[in-house]
Amino acid sequence: MSNILVVDDEKGIRESLNILLTDEGYQIDMASDGMEALTLLEKKQYDLVLTDLRMPNMNGMSLLSQIKEKWDESIPVIMLTSCGHVDTAIQAIKEGASDFIIKPFEVDHLRESVRKALKKEREKMKQAIKAQEEYARRMENANRKLDHAIFELAVLHETGKMINSTLDIKKIVSIILEMARQSVGADRARVLLYYKNSQRNMMDLVYSVDDSNHGQLEAVDEYAAAWVRRRGEGILLEDIEKIPPQESQLLAGSGLGSLVVLPIKRKSDMVGAMILNNRTGSRKFTEQDFQFLTTLVNQASIAIENAQLYDELQDHFADTIRALVTAMEAKDAYTYGHSDRVTQYSLMIAGQLGLSELDVRELEYTALLHDIGKIGIAEEILRKPGKLDQHEWSVVKKHTILGSTIVRPIKFLNRGEETVRHHHEWFNGSGYPDGLKGEDIPLFSRIIAVADAFDAMISERPYRSSMTEAAAMHELSKCSGEQFDPTVVATFTRALETARLAS
């Protein structure tokens, strides 16, 4: 039911319009002038105003102006006027009135004018609602895109933090694989990394919700990766079912619904591939997914390249260390290979202690270098077949200090200097060079001390025969708590037993 406000200073006209319009099914309120009409308009929503032009206090033109100023075009206004005021009524139309009716009015004309005004208003309302709905739809789409963009940025930011916090390639690949899979809702995700200058797999990580046709999907992966290698860029197959079987029988019969394959590059070379797929009936990958995954893989490519460069640098560093150790051990044929063996025993202990990967790597290099100070000891002392005299022994003992000086410039070995210096300290404080005691001795030094003594005992020397492993272990146990850290000795015992059972 439409609400209509009738404004006229003549009571008879107000009553007549009230009766006529009420019979038409409208809800009618009445006002005697513009001021009273404005009061009613503030309290109630009206669909139409019928107002006389000439009224005391506030005339129709002023009321029209107030309505348009406060309610814009939302309330249609029909002007009521006598024949002598037609020009004024026409002016009112120009200023926003919907129509004008000349008094005395014809009933049919009045009905039609009211009907048209309300119909026009309803159409305007429909258009306004439609425009509002369209705006809401656009805003919803924009918000959805914004939310997705924020999600993608958050994923990229979080991924960047994680992969830039490590130089472990396997960890980087695992992070990227999981982030990519979760972000686009893939049923299956796989990352392949190739050996340098080869298509053989150096690393192969795969996640799948269903491994029932694993063999066939591996063949699809190889086909898709080779396709990407030939193209030099990634591929997106939104709907594999639409591919004609003659173009790829392998893809058409795979049971897959959607596929994304992206190259992992190092400079311009493809060093791997990321493959994501969804089964038939699952969600199809979109161009937006493809663009996001491309950014993610590009980010991963940089991290993987950095990790590979780091590994190559470490390999070069290890080669340099081994060359240095070989030069040192060449001075004494009896100790050739000693540093390598001490390193292996040290790593066995580290494995039992659960040291971190970075700690294990540092221990490895430091163990290799533990006797590097002997490079500065005279060969006649190192190769002396008999027991060393007091002076010779004091010279040999200086190898720990000389070795720590040699290792000091190697910034990568944070604990290298102190480890090399103290690997001949005794747990009871009677060792050298500084007489450190107990856990004041660095952990790496305590580990190397046990490994060093064990290898020395089971190795042939010009001044004595070698011991059996069992005798050497008995000697370590006998000196546990005095010369050696009891925890390290016990750990080494477990490590040897584990190795023996595994062999």
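Where in the chain does I375 lie? I375 sits in the loop between helix 11 (357–368) and helix 12 (379–382). The model is predicted. The points below cover the surface patch that includes I375, the pairing of strand 1 with strand 2 and with strand 3, and the aromatic pairs, eight by count.

**Surface patch**

- A nonpolar patch on the surface is formed by L324, I375, L402 and I406.
- Together these four residues have about 260 Å² of accessible area.

- Strand 1 covers residues 3–7 and is mostly covered, with five of its five residues buried.
- In a regular strand, side chains alternate between the two faces of the sheet.
- In strand 1, N3, L5 and V7 point one way, while I4 and V6 point the other way. Residues on both sides are buried.
- Strand 2 (residues 27–31) pairs with strand 1 in the parallel sense, over five bridges. Within this pairing, N3 is opposite Q27 of strand 2.
- V7 is opposite T51 of strand 3.

**Aromatic pairs**

- A pair of aromatic rings is described by the distance of the centres and the angle of the planes.
- The model has eight aromatic pairs. One of them is F317 with F412, which is edge-to-face at 5.7 Å centre to centre and 75 degrees between the planes.
- This pair links distant parts of the chain: F317 belongs to helix 9 (residues 287–329), and F412 to the loop between helix 14 (399–407) and helix 15 (416–421), 95 residues apart.
- F412 has a relative accessible area of 26%, so it is partly exposed.
- F454 and F492 form another edge-to-face pair, with 5.0 Å centre to centre and 80 degrees between the planes.
- This pair too links distant parts of the chain, with F454 in helix 16 (residues 443–458) and F492 in helix 18 (residues 486–502), 38 residues apart.
- Both F454 and F492 are buried.
- Ring pairs also join F317, Y365 and F412 into a cluster.

Key:
Residues numbered from 1 in each chain as written. Predicted model: local features only at pLDDT ≥ 70, side-chain atom pairs only at ≥ 80, totals over all residues. Heavy atoms only, no water. Buried < 20%, exposed > 50% of the residue type's maximum accessible area, 1.4 Å probe, protein only. Helix = DSSP H or I, 4+ residues; strand = E, 2+ residues; numbered from the N terminus. Pairing = 2+ DSSP bridges. Patch = residues over 30% accessible without salt bridge, like charges linked within 9 Å, V, L, I, M, F, W, Y side chains within 5 Å. Areas by Shrake-Rupley, 256 points an atom, 1.4 Å probe, with all protein chains shown as cover. Salt bridge = Lys/Arg side-chain N within 4 Å of Asp/Glu carboxyl O. Phe/Tyr/Trp six-rings, centres within 6.5 Å; stacked < 30°, edge-to-face > 60°.
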